[in-house]
Amino acid sequence: MTGQIVYEFLDPWMIWAFRTSGNAYVGFALGLIWVALAATVIGELCMAGVYFTNKKHFRTINRDMVDHHNLSVKALGAKNKTAWKACNSIANDAFGKNFFARIALFASSLWVVPFGIGWLFYRFGQVDFTVPFLGSVGPAFVFIPVYILVRYLFSLAKPWLPVFKTIRQKVKDNEAGDEMLEFTDLLSEEDRKEYMRKKERAKVKPGLVKSKPVPEGS
Amino acid sequence: MLRSKKTLLMLALAAAVCLMAQPALADRLADAIAEAKPTGEPGYMGIPGGPQLNIIIGFLWAIWVGWIFSTVGAFGGIMAGVGHITIYGLGDYASSFGKGSKMNKVVTDSIRVSNQWLVGCSAALSSFNYYKAGRLVLPLGIALAIGSVAGSWLVPWLTAGKISLKAYLGYFGIFVLFLGCYLFYQTTPKGQAGKQAAKKAAEAFQKSVKEQQQGGTVDMAEMGVKVQKFTPTICEFTFFGVEFKFNPLIPVIGGFCIAALASFLGVGGGFLLVPFLTSVAGLPMYLVAGTSALAVLIGMVNSIASYMLLKQTPVAWGLIGAELVGIVIGSIVGPKTSKFIPDKVLKYIFIVLAVYVGLRYTTKGFLGYSIVPPF
């Protein structure tokens, strides 16, 4: 079986959206959004399916990583450098495992994209898309950014979408347990409250919190 | 992170990806076809007479790649490369055009960038999750990113269109042999001792935590990273009152070397970056997650963009799609089967495999024949 057969199969499912408008540009834009949306939804559902098929495995590696990280934070708080190094190195090993497992998990949401791009080349490969300064570009040039934007917008809408809302909750339940400790958790209750207060005020007046443990990630 | 910043990040990513999309005319491939004048049915990337890639074979091989990803990790990228070179016969196909031909080099580059799409793209994008969960040491991230950008831009710029399949095979083989040696070292008593010592120290601390609530509190003044001394070669700092030091040049050079190697061989580089940040820079896991994610992302986008946009390297999208499906299935099966195989046995299997693949590719690349079967 070659790619050609796959594209011929995909053709009727994809091309209709490109023909919804009499205007070629509008039709092409709608078609791209349709392909990107289909790739996103199928990919997200596949990712959920893969996650729940191996949910025990994901829970175990995640717990291993979080537990050893938390232990390393406690070791740092106790100023025990040997224990900190040991726990941190084990936590890093666990992170490595988690990292590769999540790569494979993410691949389950991406596999649709190359087929989508391949189909676009099958259909529009001969069309010249010209971009100023760059010259001639392929359909992938316009599709990949559209896919990223559609996927991003979809991720914003996910908490309100019926099926995806449930998936989100179930993933959360599966990985429930100790939260990953932050380094601010090493502060005394009083200091932490003071730090949080300063942080809140800093939102209004930037520059108030002079020393942060690490720059904010999210 | 603020939502607006996230949106900006997504837009920046979209703009960056714009730059790595494949040019329609793929002039380089057209030039290579014009020079080689191949005849026959259109095959790989539409080349007349090119190999008719069966995506079922791609899919089955990728199940094996996915299995390795979920059990060993690092070897997945190597096996993806073996698939493109040997299993699909692209190596022999490229060689058939002769060392100096354009077709030989364009297929070699296509193999490299296909590997990188397969391993790196998902690595880079999934690392966003870690970025969200973790934290980022911005100066270190920037140092790594500078090295990564330099490495992943320089290598395609210097080598795309210049490396013949034979040379690529030789270097790929050496890297696989090196990886085999590293895996072997991990199984030796010396390699095991370090891990066991860490395990013992961690267990001892865990015990003491259980006995008396040891976690301690720190003075707000000691909180976070406090730089004590910063010169071009020494960075001394306290992290919550505990002293650490590292050489600031190391992340720049390390980022450069890892990105250059990953770009040259067509692998992700994440598997080198994570242990590098832990062992050389001594970073906590909490920070490694976000920092390595940023470096992998920047390196990957840059490398693929350099190959595809600057050097107009084409890829077969259908094959990449089928391989991704295989990787997913392999990674589902992996955790379910690996528990029946002891970790040590698994390592020995991969050592044997690495020595075989490494010897075969190194000798085929540099000597022109393989010293292990099939010759």
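Visitor: How many salt bridges does the structure hold over all chains?

Guide: This is a predicted model. Over all chains, the structure holds six salt bridges.

Visitor: Which side chain meets A:Arg151 in a salt bridge?

Guide: The partner of A:Arg151 is A:Glu44, at 3.4 Å from N to O. A:Glu44 belongs to helix α2 (residues 24–53) of chain A and A:Arg151 to helix α6 (residues 139–157) of chain A, so the pair ties together parts that are 107 residues apart in sequence.

Visitor: Is A:Glu44 buried or exposed?

Guide: A:Glu44 is buried, as its relative accessible area is 7%, and buried means under 20%. A:Arg151 is buried as well, with a value of 12%.

Visitor: What does A:Glu44 form with A:Lys158?

Guide: A:Glu44 forms a salt bridge with A:Lys158, and their closest N and O atoms are 2.9 Å apart. A:Lys158 lies in the loop between α6 and α7 (162–174) of chain A, while A:Glu44 lies in helix α2 of that chain, so this pair ties together parts that are 114 residues apart in sequence. A:Lys158 is buried, with a relative accessible area of 19%.

Visitor: And chain B? Which residue meets B:Asp109 in a salt bridge?

Guide: The side chain of B:Arg112 does, at 3.0 Å from N to O. Both residues lie in helix α6 (residues 102–133) of chain B, three residues apart, which is about one turn of the helix. Both B:Asp109 and B:Arg112 are buried. Back in chain A, salt bridges that share partners join A:Glu44, A:Arg151 and A:Lys158 into one network.

Visitor: Which buried residue has no salt bridge?

Guide: B:Arg360, in helix α14 of chain B, is buried yet has no salt bridge. The nearest side chain of opposite charge is B:Asp92, 6.3 Å away, whereas a salt bridge requires the nitrogen and oxygen to be within 4 Å.

Visitor: What does B:Arg360 touch, then?

Guide: Leaving aside residues up to four places away in sequence, B:Arg360 touches B:Ser370, B:Val372, B:Pro373 and B:Pro374.

Visitor: Where is B:Lys336 found?

Guide: B:Lys336 is found in helix α13 (residues 317–338) of chain B. B:Lys336 is partly exposed, with a relative accessible area of 38%.

Visitor: Which residues make the nonpolar patch?

Guide: B:Tyr171, B:Ile174, B:Phe366, B:Leu367, B:Tyr369 and B:Ile371 make a nonpolar surface patch of about 610 Å². One of them, B:Ile371, sits in the segment after α14 (343–366) of chain B and is partly exposed, with a relative accessible area of 45%.

Visitor: Finally, how many helices and strands are there in chain A?

Guide: Chain A has eight helices and two strands. From the N terminus on, their order is α-α-α-α-α-β-β-α-α-α.

Visitor: How much of chain A is buried?

Guide: Of the 218 residues in chain A, 48% are buried. The accessible surface of the chain comes to about 11,200 Å², and 62% of that surface belongs to carbon and sulfur atoms.

Visitor: What about contacts in chain A?

Guide: Among contacts between residues at least 6 apart in sequence, 67% join residues at least 24 apart.

How values were computed: Residues numbered from 1 in each chain as written. Chains lettered and ligands numbered in written order. Predicted model: local features only at pLDDT ≥ 70, side-chain atom pairs only at ≥ 80, totals over all residues. Heavy atoms only, no water. Helix = DSSP H or I, 4+ residues; strand = E, 2+ residues; numbered from the N terminus. Buried < 20%, exposed > 50% of the residue type's maximum accessible area, 1.4 Å probe, protein only. Patch = residues over 30% accessible without salt bridge, like charges linked within 9 Å, V, L, I, M, F, W, Y side chains within 5 Å. Areas by Shrake-Rupley, 256 points an atom, 1.4 Å probe, with all protein chains shown as cover. Contact = heavy atoms within 4.5 Å. Lys, Arg positive; Asp, Glu negative; His and termini not counted.
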